Amino acid sequence: MMVHSELSFPLGPPACEKDSKALQFIEEMTKNADAVQERVLAEILRRNSDTEYLRRFHLNGATDRDTFKSNIPVVTYEDIQSEIQRIANGDRSSILSGHPISEFLTSSGTSAGERKLTPTIREEWDRRQLLYSLLMPVMNLYVQDLDKGKGLYFLFVKAETKTPGGLLARPVLTSYYKSDHFKNRPFDPYMVYTSPNEAVLCADSFQSMYTQMLCGLIMHEEVFRVGAVFASGLLRAIRFLQLNWQLLAHDISQGTLNPKITDPSLRDCISKIIKPKPELSEFIIKECSGENWESIITRIWPNTKYLDVVITGAMAQYIPTLDYYSGGLPLASTMYASSECYFGLNLKPMSKPSEVSYTIMPNMGYFEFLPLEQNDPALSRDSPPRLVDLANVEVGKEYELIITTYAGLCRYRVGDILQVTDFYNSAPQFRFIRRKNALLSIEADKTDEAELQEAVSNASVLLQGFNTSVVEYTSYAETKSIPGHYVIYWELLVKDPANPPTHEVLNNCCLAMEDSLNSVYRQGRVADNSIGPLEIRVVKNGTFEELMDYAISRGASINQYKVPRCVNFTPIMELLDSRVVSVHFSPAVPHWTPERRPR
Ligand code: AMP
């Protein structure tokens with residue numbers, strides 16, 4: 001039933017009374033973006049005015065934009081690392097925030113190989129919760145009757161540790177799923193999930209995935225939407241089904257639970273759900289035993305209306321595979337967020353992947369934008385960077401996002417590059433362009449050029465005994481198979497052809513590279529199984545020269561030519577692959593523990 005006229009809700013008529021409040025809030029925030037930003041900045045500066053950090057820059061209680069902009073520097077994580085380390089070590093004084101730091105959120109961005117630690121405060125959950133509460137009211141504008149079905153969402157918790165000072169350090173979503181906001185959420189017919197909390201909260205990734213899939217299969221006709229946080233997570237679930245459908249079908253036919261599920265609370269919970277359903281089991285066997293897995297999602301969950309997964313940024317590489325498994329269902333990327341701050345939402349969640357834009361909600365933090373143009377005076381060395389306010393960005397331009405948060409990050413560079421596509425009321429909408437410096441990514445991992453270089457040079461130490469060196473290399477994120485994996489092309493100089501490196505040594509080079517990649521990569525390999533073994537493809541001598549010839553034939557300048565450290569252009573890949581002389585895979589998993597390396 002529509003309860004309001006379209007006139008008062010430009011986005012469309014709300015599906016229910018509760019939605020109308022959310023849509024009204026979006027209108028208010030976006031109509032007054034600049035005023036809200038001014039108020040948010042003043043609020044942040046007022047409450048943090050006595051912090052060591054703000055005192056250092058002599059704000060003297062000022063809460064206006066001009067004083068803020070002229071006194072406070074733009075920083076990276078490394079610039080404030082010593083403050084963060086003091087908090088981690090147990091210093092409870094007001095260093096960055098006037099409110100007590102409740103825990104650290106570990107981002108998938110790394111510094112010196114370890115996840116960055118983001119200090120957060122308890123009340124930040126209210127803001128995150130507020131953003132979450134806007135998602136369904138927007139979705140209900142585009143997809144009807146979502147209250148009549150359930151969501152099959154594959155959600156997982158990850159390892160958590162404590163800092164030396166005793167604060168928890170864990171990913172933001174792990175913190176969320178373990179919080180009362182998630183565990184004791186009030187019933188909402190639009191947010192009914194097939195996965196019980198016990199399955200989401202089980203730290204063992206196999207047991208968690210198995211039981212979430214089992215519940216999704218049992219309730220297959222009730223499922224109206226299928227999702228995961230990122231596209232890669234949903235594809236891992238499909239891969240899991242490919243590998244485990246026989247066990248799942250067996251449990252469903254017998255009403256039993258596989259003995260690999262050992263977590264007592266999980267066994268207890270699932271045993272109340274599972275009953276023998278031989279017909280459903282037959283159906284699953286029929287659908288899964290064939291070679292052809294095209295449209296498997298809509299075959300098994302026939303009422304699915306859309307997939308709810310982020311497909312922007314590094315996840316765009318998974319769109320064709322998702323299309324294949326879902327028979328082209330709409331892909332909804334609903335929100336844009338980070339450990340440091342939740343930013344905003346997609347007001348047109350059914351739009352095509354290439355048209356997805358996010359509207360930053362001006363109440364979430366104070367946002368500034370560093371223009372990216374080459375010749376912009378903002379980038380000049382002599383003058384400090386000139387940052388643009390949220391309401392003043394220009395359509396078509398690209399910017400780096402800089403945030404100031406309630407938890408105490410001031411003019412902090414997140415590392416994301418965004419392009420303004422349009423405005424909704426006075427709030428800009430952004431296309432996510434890329435993460436700065438990220439070369440390779442399969443899931444949450446991001447490997448930059450320096451990390452790749454370091455990994456290659458560490459691995460090539462193993463070649464010294466064979467009088468061999470790596471003369472050139474490039475890389476590629478292979479994501480056609482699930483889980484995806486890194487492929488590194490190596491051209492070798494073997495100085496003693498009678499004694500070339502053995503196959504085994506080159507396999508070990510793969511592992512040596514993995515061992516020197518950052519902890520998010522290694523966690524993906526070891527704990528989450530979200531990344532497959534690293535592969536080295538050795539190419540014939542002269543291949544990289546051919547690569548250069550090819551680039552020059554397409555207009556590159558000889559003087560300025562640099563070997564690309566990551567490739568994804570089909571003709572280049574074809575050239576490289578046609579010159580491969582041997583292929584090697586990592587023979588084991590790299591070293592990883594949840595503990596951070598001591599600093
Ligand atoms: P983390 O620091 O691990 O919380 O990851 C946050 C980062 O993930 C953001 O800064 C973005 O680079 C990326 N990210 C989050 N949401 C999206 C999205 N909707 N589209 C593209 N990238 C995203």
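In the predicted model, the axes of helix α10 (residues 205-218) and helix α11 (residues 231-254) come within 9 Å of each other and cross at roughly 70°, where helices (H or I, at least four residues) and strands (E, at least two) are DSSP runs numbered from the N terminus, and where axes are lines fitted to C-alpha atoms, for helices over the stretch in contact, with angles running from 0 to 180 degrees between N-to-C directions. The passage of α10 over α11 is a right-handed crossing; a crossing is right-handed if the near helix is turned clockwise from the far one by less than a right angle, and left-handed if anticlockwise. On the α10 side the contact involves Phe206, Met209, Tyr210, Met213, Leu214, Leu217 and Ile218, which meet residues of α11 including Arg236, Phe240, Asn244, Leu248 and Asp251, contact meaning heavy atoms within 4.5 Å. By class, the contact of α10 with α11 has 13 nonpolar, one polar and two charged residues (Ala, Val, Leu, Ile, Met, Phe, Trp, Tyr, Cys and Pro count as nonpolar, Asp, Glu, Lys and Arg as charged, and the others, Gly among them, as polar).

Helix α11 also packs against helix α15 (residues 319-326), at an angle of about 45° and with the axes 10 Å apart. That angle makes α11 oblique to α15, and the crossing is left-handed. Ala231, Leu234, Leu235, Ile238 and Gln242 of α11 make this contact with Thr321, Leu322 and Tyr325 of α15, a set that divides into six nonpolar, two polar and no charged residues.

Residues are numbered from 1 along each chain as its sequence is written. Because the model is predicted, local features need pLDDT of at least 70 and side-chain atom pairs count only at pLDDT 80 or more, whereas totals for chains, interfaces and linings use all residues, and side-chain values use heavy atoms, with hydrogens and water left out.

Within helix α2 (residues 33-47) lies Leu45, which counts as buried because its relative accessibility is 1%; buried means under 20% relative accessible area, exposed over 50% and partly exposed in between (1.4 Å probe, protein chains only). Not counting residues up to four places away in sequence, Leu45 touches Leu54, Leu59, Ala62, Thr63 and Phe68. The C-alpha atoms of Leu45 and Thr404 are separated by 9.5 Å, although the two residues are 359 apart along the chain.

Strand β9 (residues 335-337) runs antiparallel to strand β10 (residues 342-345), to which three bridges join it, two strands being paired if DSSP finds at least two bridges between them. Met335 has Leu345 of β10 as its bridge partner, and a hairpin of four residues joins β9 to β10. Strand β10 pairs in turn with strand β11 (residues 358-360), in the antiparallel sense over two bridges, with Ile360 of β11 as the bridge partner of Gly344.

Several loops carry backbone features of note. Arg411, in the loop between β14 (398-404) and β15 (412-424), has a positive phi of about 50° although it is not a glycine, and Arg411 counts as buried at 4% relative accessibility. Asn529, in the loop between α18 (519-526) and β19 (535-539), likewise has a positive phi, near 50°, but counts as partly exposed at 48% relative accessibility. The peptide bond from Ile482 to Pro483 is cis, with omega near -5°, and Pro483 is found in the loop between β17 (468-478) and β18 (485-494).

How values were computed. Parallel < 35°, antiparallel > 145°, perpendicular 65-115°, else oblique.
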